[in-house]
Structures are given as C-alpha cells and as structure tokens.
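Please look over the sequence and the model shown here before reading on. The report is meant to be read beside them.

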Amino acid sequence: KTLLLSSLDKLTYERRSKWLSTLNPMIVTKQQLSNITNACPDERIALVLLTNGISNNVQEWLIYHLLMGVKTIIIFDDSVPDSIEQESFHRAIQPFLDLGYAIRHEAAEFTGDWSNVEVSANNVVLQQYGAEYDWIGFLGADEFIVLHQEKCLASFLRNYTDFGGVVLQWRFFSPLGVPTHDIKRTYFEQYQYIVKDEGRHIKSIVQPKYVNEMVMHHAVYKDDKWAVNFQKDRVDGPFNTFIDPQQEFSVVELRHFFMEDMQFALFEKVCGLNG
C-alpha cells in the first residue's frame with residue numbers, strides 16, 4: 001500500500017508539475033479583451049464564481065459568460081497562498097479585473113468545508129451586491145450555462161421575472177476520450193460524451209430582492225416568492241422536479257464538466273489525491 005501511494009504521489013507530482021507550467025495561460029490580454037464586441041445588452045446580471053484556482057479554463061469561463069450579457073463576475077478566490085496555482089490564476093484573471101468585468105474577493109475568511117465556504121460567500125454577495133443587480137447566479141468553474149433558444153442570458157431570464165429565481169439542472173459531461181486537457185482548445189470542443197441524464201441537481205439564478213438567504217445550491221425566498229425550473233414548475237430545495245431532462249435541455253442546461261480530463265479523474269477524483 002505504501003509503495004502504491006508513493007508511486008501515485010510521484011506520478012501525480014510529475015503530472016501536476018507539467019500541467020501547472022501551462023495552467024491558466026494568458027491567452028487573452030487586456031488589450032484583446034477591451035476590443036471584444038458583445039452582441040448582448042449590458043444588463044444588471046452578475047455571476048458568482050467560487051474557485052480554488054486550480055482551473056485551466058478560467059479565461060474561457062469568464063469570456064463565455066460575459067458574452068452572454070453578464071455584467072460582472074464576482075470571484076471568490078480560495079487558492080493556496082503563494083502557490084504556483086495562485087500566481088497563475090491571478091495572472092489569468094487580471095485583465096478582467098483591470099477592465100471592471102470581474103471583482104475578486106478572498107475566500108480565506110470563511111471557515112469549514114467547501115460547502116460552508118460556498119454558502120458563506122454566496123450570502124456575502126447578497127449582502128454586498130444584492131441592490132446592484134437584478135439577477136445573480138451562483139456557479140462553479142466547471143459549470144457553463146448553455147442556452148438553446150436564446151442568445152443572451154437576459155432574454156432567457158425575462159421569462160421568470162415574476163418568480164424569486166430560476167434553477168438550472170446539471171448536465172454531466174464525462175472525460176471519456178480526453179486523456180489530457182488541451183489548453184489550446186475549449187471545453188466545448190474537447191468534452192463531447194454525455195453521462196446518462198438522471199441527476200436532478202440544480203444551481204440557482206436569483207432575483208436578490210426576493211431572497212432571504214442562500215443555502216447549498218438554492219435560496220430561501222421571501223414568503224410570496226419561490227424558484228421555478230424552465231417550464232415554471234415550483235422547485236424547493238437543491239433538486240429539480242421530475243421532468244423529462246431532454247425537454248429541459250432543449251431550452252437550457254447547466255453543462256457540468258465534473259471530472260475534467262482522464263488523468264484528473266483518475267488521480268484527483270478516484271484516488272482522492274486532491275481531497
């Protein structure tokens with residue numbers, strides 16, 4: 001067992017060292033970012049991104065959602081201080097901070113496990129930014145909003161202004177066929193295999209004025225408001241109602257690249273070498 005763990009640790013160290021050398025590359029500079037033309041109107045929509053900084057797609061994630069008409073990305077940075085990951089992550093997000101597309105907060109002030117940190121960060125956002133935005137969504141770096149009938153997020157959300165919020169159901173994509181993530185290609189290009197659509201886990205986009213507090217993946221709304229799914233069925237809690245996922249996914253999906261590439265899935269998830 002000791003020999004096996006030592007071998008895995010060595011392999012993981014070597015793989016991560018090579019991976020970290022190209023982690024969060026400066027693909028988009030401040031100048032390039034300032035020249036991007038957005039076809040979606042500038043709406044009062046914010047997204048909250050809680051991340052540990054170990055993500056090779058943060059610029060892709062930020063640009064993708066900004067081009068949907070999101071005004072601001074509020075980043076809670078839970079990366080390890082003075083680490084290679086943190087240095088690379090900060091370099092990648094700096095152009096977005098400089099141009100006012102993103103705001104960065106430290107997550108170190110929150111205690112407990114990842115769930116507690118997520119809930120605490122989300123409630124800080126409600127308190128500090130709730131009055132500034134009509135809608136706030138709460139996502140992870142491996143989750144992308146995909147609209148199939150609208151181009152802009154604001155157009156989709158206008159269908160749900162009578163409710164406290166709208167929930168988006170996860171659609172899982174597996175690492176099958178992607179041995180190692182290619183930083184020169186997008187997640188959408190590389191990850192094509194869909195896991196069987198049985199999970200009903202959701203994330204939330206809420207109207208802050210109707211929310212009392214955030215809990216794990218959903219909100220506690222004021223007495224006369226609640227969340228709904230795409231077809232306006234009431235949803236209470238972190239799971240969607242029993243609906244045909246294919247029907248929902250023809251309108252909207254929360255594409256969840258939950259295991260990244262095969263190497264990450266093996267060493268970090270299956271073997272548990274990254275928590």
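Predicted model: local features only at pLDDT ≥ 70, side-chain atom pairs only at ≥ 80, totals over all residues.

Residues are numbered from 1 along each chain as its sequence is written, and side-chain values use heavy atoms, with hydrogens and water left out.

**Overall make-up**

The chain has 9 helices and 12 strands, taken as DSSP runs numbered from the N terminus (helices H or I, at least four residues; strands E, at least two). Of its 275 residues, 52% count as buried, where buried means under 20% relative accessible area, exposed over 50% and partly exposed in between (1.4 Å probe, protein chains only).

In strand β5 (residues 143-147), 5 of the 5 residues are buried. E143, I145 and L147 point one way from the strand, and F144 and V146 the other way; in a regular strand the side chains alternate between the two faces of the sheet. Strand β12 (residues 252-256) runs antiparallel to β5 and is joined to it by 5 bridges, two strands being paired if DSSP finds at least two bridges between them. Within this pairing, I145 stands opposite L254. Helix α3 (residues 58-66) is also mostly covered, with 8 of its 9 residues buried, among them W61, L62 and I63.

**Nonpolar cores**

A nonpolar core is a set of buried Ala, Val, Leu, Ile, Met, Phe, Trp, Tyr and Cys residues joined through side-chain atoms within 4.5 Å. The largest has 47 residues, of which I73, I145, L153 and F156 touch the most other members. Helix α3 gives the most to this core, with 5 residues. Another core, of 25 residues, lies apart from it and includes L50, A121, Y133 and V167.

**Salt bridges**

The whole structure holds 8 salt bridges, each a side-chain nitrogen of Lys or Arg within 4 Å of a carboxyl oxygen of Asp or Glu. Three of them are listed here.

| Pair | Closest N and O atoms |
|---|---|
| D134 and R44 | 3.1 Å |
| E106 and R104 | 2.6 Å |

D134 lies in the loop between α5 (114-129) and β4 (135-139) and R44 in the loop between α2 (30-34) and β1 (45-51), so their pair ties together parts that are 90 residues apart in sequence. D134 is partly exposed at 37% relative accessibility, and R44 is partly exposed at 36%. By contrast, K203 is buried at 7% and E143 is buried at 2%. K203 in strand β7 (residues 202-206) and E143 in strand β5 are 60 residues apart.
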